[in-house]
Amino acid sequence: MKTDLLSFTSKGIYCAAADVYLDPWRPVDKAIISHAHADHSRYGNKKYIAHHHSVPVMKHRLGAVNVQGVSWNEPFSVNGIQFTLYPAGHIIGSSLIKVTHKGKVALFTGDYKLEDDGISTPLEMQRCHTLITECTFGLPIFRWKPQQEVFAEIESWWSFNRQHAFTSVIYAYSLGKAQRLLHNLKADHGPILVHPAIAAVNESLSSIVSFGHVETLSADKNPIDYPGAMLILPPSGREAKYLKKWGELKTASASGWMATRGNRRRRNVDRGFVISDHCDFDALNTCIKYSEADKVICTHGFTDIYSKYLREIGFNARTEYVEFEEEEIEESKDSMV
Amino acid sequence: MKNFSLLIQQLDRLTKTGDKVKVLSDYFKTATQKDILWAIAIWSHRRPKRPVSTTLLRSWAAELAEVDSWLFEDSYHIVGDLAETIALLTCHKEQSLKPKKESLSSIIEDLIALRERSEEQKKEYIITKWTELDYFGSFTFTKLLTGGFRIGISQKLMTKALEKAFDIPSDEIAYRLMGKWDPREVTLKELLFNNDQEANRSRPYPFFLAYPIENSLEDLGNVSQWSVEHKWDGIRAQLIKRNETFAIWSRGEELITEQFPELHRIKYQLKDDVVLDGEIIPIKDGLPDHFRILQKRLNRKRITKSLLHEAPVVFRAYDLLELQGKDLREQTYFERRKYLENLEFSDPLQLSKFEVLNTWQEVEKERLRSKEVKSEGLMLKRIDSTYGVGRKKGDWFKYKNDPLNCDAVLTYVMRGHGRRSSLYTDFTFALWDKDPKDTEAQLVTFAKAYSGLTDQEFKEINRWIRSNALEKFGPVRAVKPELVFEIAFEGVAPSARHKSGYATRFPRIVRWRKDIKIEEANQIEDLKNLVR
């Protein structure tokens, strides 16, 4: 199906006028990347364009690739067509991608959230004619509490664990959620150690952000030196053998999916903290209304249900298939790091 | 209620049984007697009747949440639990009101009283509660209003917690909790501590259950130590005759006396007071009939004459738990059988025969006779075993017939419920209506199955579904016919209700046949040959 400026092809979202793809899932010559998560920023493209803050992580993950860094709010041209990136608030460097041509504006959100998490530059939603939006959590059962409340819950859990000499373990994506936790958790509750995969991401982000005293977990670290420690691991790190010596572990998962009991039980963790780097239902509605788009295309998430909802509240909305992965299903994406 | 919903919240966070037992027993130690009685009642399936239908609850919740009913239903489908859906949809607002201090028992008494109220009064009460209570309060409240309060607390776990709290053996508690009792009419002391059995003559014993055979028969040791009998496919039940009391209890602890009026004659046939353990089975021409015949009798309020005629039943006894008021459960199976066989048997009371065979080969041979005698396999019971409580490994085994198998094509998928709500895990399978070489051959749905694959396989299939989904029908998606699975089931019977013309019992996925193309899947015709 053609949209005015962007169309959906087997390789990805395509701007024919500029011959460039947005977050393509098959190798192409030129790609504009919304953010550095593996399902949006894939291997094999000849040339990448992304925000400056995405570049170091992309290089860390993809190796020596040809990436051009651009700034937010500064239009750039690809084959004569004007593109502009704006902060999307999802993770560090995440961007909305806007394309303007012959008075028409199309906006691709990538992944985004409305809440200011304190570490990703906050979302700057844009008006457009055509909006391509994710709707990972596009159901009214998903409504996030302000993050201060969730961090207070995490800290009280951590402090309870420390009093009972348990080691706290939180599973969080190595790019995004891990940094959000590190930035917002107060280290006065005890030492924080991160999985090497997270340490490597932090290292690649060091020119943008730093996290004070965070140590890297390794086999030679002696738990006795870290009483009441909090370990942050990617979801794939739960089988690490050296966890055994950390005594009794209390585990938690930090994700929007933790909103439902079924998912909490599925992950088999002691606690599920509901904290997401995506818009919840209300935030999606707010952003889409703000966009004033005459055409809304819902991509990954509960697309059918959410686009039906949008049609009922008066939007011209439909769905398109993309190969971005739902994090619940693809929880092992961090293992590639 | 606050204490109780805190308990539910705590239990929800625990994954280990031992931790749950501890938290629950702490609750039993500190809660009021009335609250404890209601907690026990709830977890032993004695929840009071729901005061409103879930249809009304759903529409009120949708209204309070300000979502359309279709969106409510879609959300419910993804969450998989009504109480949780309602809590998620209505509790996102800051708690506006301070909830009144109410105990679990007062809430339940409210709910009982509510049954008599008008619909408007019901609605007002329930919406007020949803608005006042916090997330777990609302979840717990709605759970009390609906469903079986299934939140990972089994009756067994609860009796363990009661044992820990009150120092009474859990077997004894299980026994005391059986049968009829009303939390409004007993005290905790009467329920748990009184030795007076007079109060309830109809009470059955907890059922002793069998494990399936996992390894080879030889692992069971000496064949001469085992009683071999056929396993009848019916309703496991205890038949109780004590003085003038006559009761039939199903394994699900339901009193089913009224559903089987033709068995009431047994009360007059028996000279002695007894508690018999056995199976209610439908009979046709002197042989057991299909279980599905019996299903017509279940969950019917009134048993009509034609139904009695259509599906006559007998009680086939295999164990004697009590004789003339004496509990025989500590005696060996061999001893109990001696007493049992001394009773007089005539229809509708039958004796299930047992044998001790000389070799395991003979046992295997006997199992092959199951088609002839219309059993679903064998039961192996250690002849020196006592009658235990619940499932204990080692004394009783079921050795079922090999399941029936066929290779079928995946045609429809649906998201799972609860734990599996984010994945497509409910699968529908189809077989060919004629030889697949025939260009007009079509796939016809024959069974649904949920279990049998690993999480890894589910993930792989879900990835495949995302690029092979065809149409959508509500929550159901048609997928491209491409994947073949081996399906096992316990039995197959002709059925007018199913498109394929056959109904299968307990279908499940055995394995993903990546080695098979859809043209190699079975035909409906093949099912016909499997009908027993």
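Visitor: Which domains does the assignment give for chain A?

Guide: Domain bounds here come from an automatic or database domain assignment. For chain A that assignment gives domain 1 (7-142 + 277-336) and domain 2 (147-273). This is a predicted model, in which local features need pLDDT of at least 70 and side-chain atom pairs count only at pLDDT 80 or more, while totals for chains, interfaces and linings use all residues. Residues are numbered from 1 along each chain as its sequence is written, with chains lettered from A and ligands numbered from 1 in the order in which they are written.

Visitor: How many residues does the contact take from domain 1 of chain A and from domain 2 of chain A?

Guide: Two residues are in contact if their C-beta atoms, placed from the backbone, lie within 7 Å. The centres of domain 1 and domain 2 of chain A, taken over C-alpha atoms, are separated by 28 Å. Domain 1 of chain A puts 22 residues into the contact and domain 2 of chain A puts in 25 residues. For classes, Ala, Val, Leu, Ile, Met, Phe, Trp, Tyr, Cys and Pro count as nonpolar, Asp, Glu, Lys and Arg as charged, and the others, Gly among them, as polar. The side of domain 1 of chain A that touches domain 2 of chain A has nine nonpolar, seven polar and six charged residues.

Visitor: How is chain B divided?

Guide: The division of chain B is into domain 1 (2-145), domain 2 (208-400) and domain 3 (404-528). Between the centres of domain 2 and domain 3 of chain B, taken over C-alpha atoms, there are 35 Å.

Visitor: Which helix supplies the largest share of the side of chain B that touches chain A?

Guide: Helices (H or I, at least four residues) and strands (E, at least two) are DSSP runs, numbered from the N terminus. In this interface 27 residues of chain B are in contact with 21 residues of chain A. On the chain B side, α1 (2-13), α5 (69-79), α6 (82-90) and α19 (455-468) each supply at least two residues. The largest share, five residues, comes from α5(B). By class, this side of chain B has eight nonpolar, nine polar and ten charged residues.

Visitor: How many residues of α6(B) are buried?

Guide: A residue is buried if 20 or more other C-beta atoms lie within 10 Å of its own, exposed if 12 or fewer, and partly exposed in between, with C-beta atoms placed from the backbone. In α6(B), eight of the nine residues are buried, among them B:I86, B:L88 and B:L89. The cover over these buried residues includes α5 (261-267) of chain A, as well as α4 (54-65), α5, α8 (119-132) and α9 (135-145) of chain B.

Visitor: Which residues of the largest nonpolar core touch the most other members?

Guide: In soluble globular proteins, nonpolar side chains tend to be buried together. A nonpolar core is a set of buried Ala, Val, Leu, Ile, Met, Phe, Trp, Tyr and Cys residues joined through C-beta atoms within 7 Å. The largest core has 150 residues, and A:L6, A:I170, A:A178, A:I232 and A:V296 touch the most other members. Helix α3 (residues 33-43) of chain B gives the largest share of this core, eight residues. A second, separate core of 37 residues includes B:W249, B:L263, B:L320 and B:F397.

Visitor: Is A:L181 buried or exposed?

Guide: A:L181 is in helix α3 (residues 177-184) of chain A. With 23 other C-beta atoms within 10 Å, A:L181 is buried. Not counting residues up to four places away in sequence, A:L181 touches A:I170, A:A172, A:I232 and A:A254.

Visitor: In what order do the five strands of the open sheet in chain B stand?

Guide: Strands of a sheet pair through backbone hydrogen bonds, either parallel or antiparallel. Two strands pair here if DSSP finds at least two bridges between them. The order in chain B is β2-β14-β12-β3-β11, with mixed pairing. At the edges stand β2 (211-212) and β11 (354-355) of chain B, each with a single partner strand, so one side of each has no neighbour in the sheet. Strands β3 (residues 226-230) and β12 (residues 377-382) of chain B run antiparallel and are joined by five bridges. In that pair B:H230 stands opposite B:L378.

Visitor: Where is A:A165, which has a positive phi?

Guide: A:A165 has a phi of about 60° although it is not a glycine, and lies in the loop between α2 (147-163) and β12 (167-171) of chain A. A:A165 counts as exposed, with 10 C-beta neighbours inside 10 Å.
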